[in-house]
Amino acid sequence: MQAQPGASRLIEVAGTQVDLWEGGSGRPVLLLHPGDGFDAGAAYVAELAARHRVIAPSCPGFGRSGNPPAYMRSVDDLSYFYLDLLDALDLRGLVVIGFSFGGWLAAEIAVKSTARMAALCLVDTVGAKFSDPMTRDITDLFSVPLYQHPQWLYHDETLRHPAYKDLPDEAAAILARNHQTFGLFGWAPTLHSRHLHHRLHRIGIPTHIVWGAQDRVVAVDYGRTWQQSIAGAGMTVIDNAGHYPHVEQPGAFIAALERFVGTVAAR
Amino acid sequence: MQSWYFSEQSYAPAWDDPQRPKVTPPGDLVDPEIAHRLLREYIAECKLADELGMNIMTNEHHATVTCMSVSALMTLAVLATHTRRARLLALGVPIMNRMDPYRVAEEAAYVDVLSRGRLELGLIKGSTFELYMSNANPVTANARYWEAHDLIVTALSKRDGPISYESDNYNYRYLNVIPPSYQRPTPPIWMTTLAPQTAREAAQRGYVIAITAVARAARACFPAYREEYQRVHGRPAPLDRLCYLGQVVVARDEKTAHERARKLLRFNEVSERIDPRFINPPGMMPPAENARLLKSGTTTTHRNRTLPDGTPMSDPPTPREQIINHVLFAGTPDQVYGQIKTFYDSVGGFGNLLVQLGGPMTHDEICDSLRLYANDVMPRLQALTRAQEPVAA
């Protein structure tokens with residue numbers, strides 16, 4: 001039997017219970033999950049935990065975390081909660097990796113303070129609005145029934161039609177609650193903060209953008225605009241991958257990440 | 001019993017188009033000249049209802065060819081000057097979706113003053129598919145509904161100058177409704193519901209509840225309302241606090257009535273043609289229910305597709321099936337009265353009937369049906385409620 005790469009526990013931050021997964025040892029790596037929550041069973045998580053100390057909190061309203069308090073309605077609100085969380089855990093020299101919605105959150109945290117961060121990696125992130133008002137940058141995932149989301153998230157046809165009917169009830173309830181909280185934070189403006197793009201220049205730590213070449217939620221060109229908005233940022237485009245390259249191409253994802261982390265460590 | 005004429009002000013000529021009828025249809029499905037004729041006919045039908053001694057109800061929907069009324073209160077403002085006696089019911093103003101409660105209060109007060117106190121104000125949540133037009137967050141919709149409700153009632157009631165209001169949802173530096181409403185402290189307030197809990201909340205406030213064509217909801221909500229009203233107010237709920245919406249088609253013979261009803265029932269069929277994308281935005285249903293839907297790989301509507309004994313209905317349902325389900329009351333005046341009385345008795349009575357007509361029925365068919373209803377059915381329904389409740393308001 002293969003050893004579990006990590007375990008979950010509940011901690012309290014600013015009065016809210018947080019479901020915190022932790023595994024591995026070494027440089028601390030903070031994972032900020034996408035809109036459907038954190039999947040501890042994904043291959044990339046085990047790969048990362050074999051190399052680093054991986055810390056993956058579920059946002060309030062996601063996973064087994066408590067509900068968001070009434071005042072918490074935006075990713076801006078959430079970012080302050082995460083600054084409290086980083087203080088509570090006294091994490092330093094973090095590599096922060098944000099996936100999709102988690103990339104948005106990572107950027108909102110980073111424009112406020114990078115004091116506890118060594119580097120930032122944004123994977124198919126949403127959260128910024130670059131185009132004119134008549135041009136949608138980000139696919140409206142709320143105009144897609146939840147059971148059809150995989151058709152937008154994945155490039156690989158075999159991943160686009162999961163057997164939700166076989167999902168245990170508890171896992172289905174968590175996914176449904178995750179989606180509700182995703183809506184709370186992302187409904188309007190659709191998956192972005194109006195002024196985040198004016199603040200991205202404040203991110204002064206090494207940053208790398210990773211993108212799935214066949215992403216149907218946010219196109220590669222949108223990722224390039226993110227890259228151009230953060231001074232010195234690099235970018236890796238991973239072929240044969242949609243919105244979740246870390247799931248569809250874990251080997252390529254880990255390789256790109258390790259190259260980036262290696263350059264950070266060498267500084 | 002009070003009878004209220006109601007038309008969705010549909011644009012039925014577009015119903016045969018394969019385009020989806022809600023949220024995403026192109027505007028050029030609608031010919032403005034035909035729309036003009038239809039809207040004038042709907043206004044004329046309301047004038048006729050007024051002359052026949054009926055009241056009038058309007059509603060609103062957005063981005064759909066099943067309903068061209070985009071503002072219940074705007075339609076009533078038109079009707080205020082075209083009618084003399086009819087009570088004018090907006091059922092309702094979808095304040096979960098309307099982003100500006102101050103504007104709702106102002107428009108309500110305007111209609112009330114213009115009509116010299118004939119407004120009845122329905123403050124309803126609204127259709128979930130319309131959250132995609134308003135962009136109001138569905139996850140916080142319920143809390144926002146009650147906050148907007150409280151704000152509108154306060155704005156209409158308060159007559160001694162402006163208030164300020166600052167919250168997460170609404171911010172007003174000076175909130176001051178001028179002219180204030182004609183009726184004091186507010187026009188009578190209505191709510192729609194299919195859930196007993198909302199019926200109880202309406203009962204606490206003494207509001208009218210309307211059940212829209214779902215018999216089992218009336219059977220669940222009317223007793224809940226009566227029980228809560230008695231508990232809070234210390235007296236039985238008057239019949240005029242309870243309302244049912246039915247599709248009511250009358251003709252001199254049954255065959256003609258059912259032909260007309262078949263046209264009207266197309267409204268229900270087309271109304272259900274909502275793209276699955278827009279039926280269930282996040283947060284409208286509890287996670288446990290959404291988990292069930294996720295596993296079944298489907299979405300849902302509230303429409304009933306079976307007869308009371310569980311037998312599946314035809315597709316589309318026939319007039320006879322919808323009569324059995326108390327969605328439709330159709331036939332000769334005697335038959336329609338009998339059908340309504342049977343349902344009335346089965347739910348312990350109600351004091352208001354919303355009489356829905358429209359869809360592809362012609363203007364002449366609607367006017368004929370309305371005359372037969374008003375002359376040969378309505379007086380017997382009035383006698384029915386008088387007999388049950390001699391002192392009903």
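**Salt bridges.** I started with a network of salt bridges that links Asp87(A), Asp90(A), Arg92(A) and Arg116(A). My rule for a salt bridge is a side-chain nitrogen of Lys or Arg within 4 Å of a carboxyl oxygen of Asp or Glu. Over all chains, the structure holds 35 of them.

**Ground rules.** This is a predicted model, so I kept local features to pLDDT of at least 70 and side-chain atom pairs to pLDDT 80 or more, while totals for chains, interfaces and linings use all residues. Residues are numbered from 1 along each chain as its sequence is written, chains are lettered from A and ligands numbered from 1 in the order in which they are written, and side-chain values use heavy atoms, with hydrogens and water left out.

**Single pairs.** I looked up how accessible some partners are (buried is under 20% relative accessible area, exposed over 50%, partly exposed in between, with a 1.4 Å probe and protein chains only).
- Arg160(A) and Glu157(A) form a salt bridge with the closest N and O atoms 3.5 Å apart; Arg160(A) is buried at 18%, and Glu157(A) is partly exposed at 47%.
- Lys165(A) and Asp166(A) form a salt bridge at 3.5 Å, N to O; Lys165(A) is exposed at 59%, and Asp166(A) is exposed at 55%.
- Asp275(B) and Arg277(B) form a salt bridge at 3.2 Å between the closest N and O atoms; Asp275(B) is buried at 11%, and Arg277(B) is partly exposed at 31%.

**The interface.** Next I turned to where the chains meet. Chain A and chain B each give 25 residues to the contact (heavy atoms within 4.5 Å). They bury about 2100 Å² between them, 65% of it on carbon and sulfur atoms; buried area is the accessible area (1.4 Å probe) that two parts lose on being put together, summed over both. Pro282(B), Leu294(B) and Lys295(B) supply 33% of what chain B buries against chain A, more than any other three residues. I found two salt bridges across this interface. Lys295(B) meets Asp169(A) in a salt bridge at 2.6 Å, N to O.

**The cores.** Which residues touch the most other members of the largest nonpolar core? Among its 160 residues, they are Trp226(A), Phe350(B), Leu353(B) and Tyr373(B). I take a nonpolar core as buried Ala, Val, Leu, Ile, Met, Phe, Trp, Tyr and Cys residues joined through side-chain atoms within 4.5 Å. I also noted a second, separate core of 25 residues, including Trp21(A) and Phe99(A).
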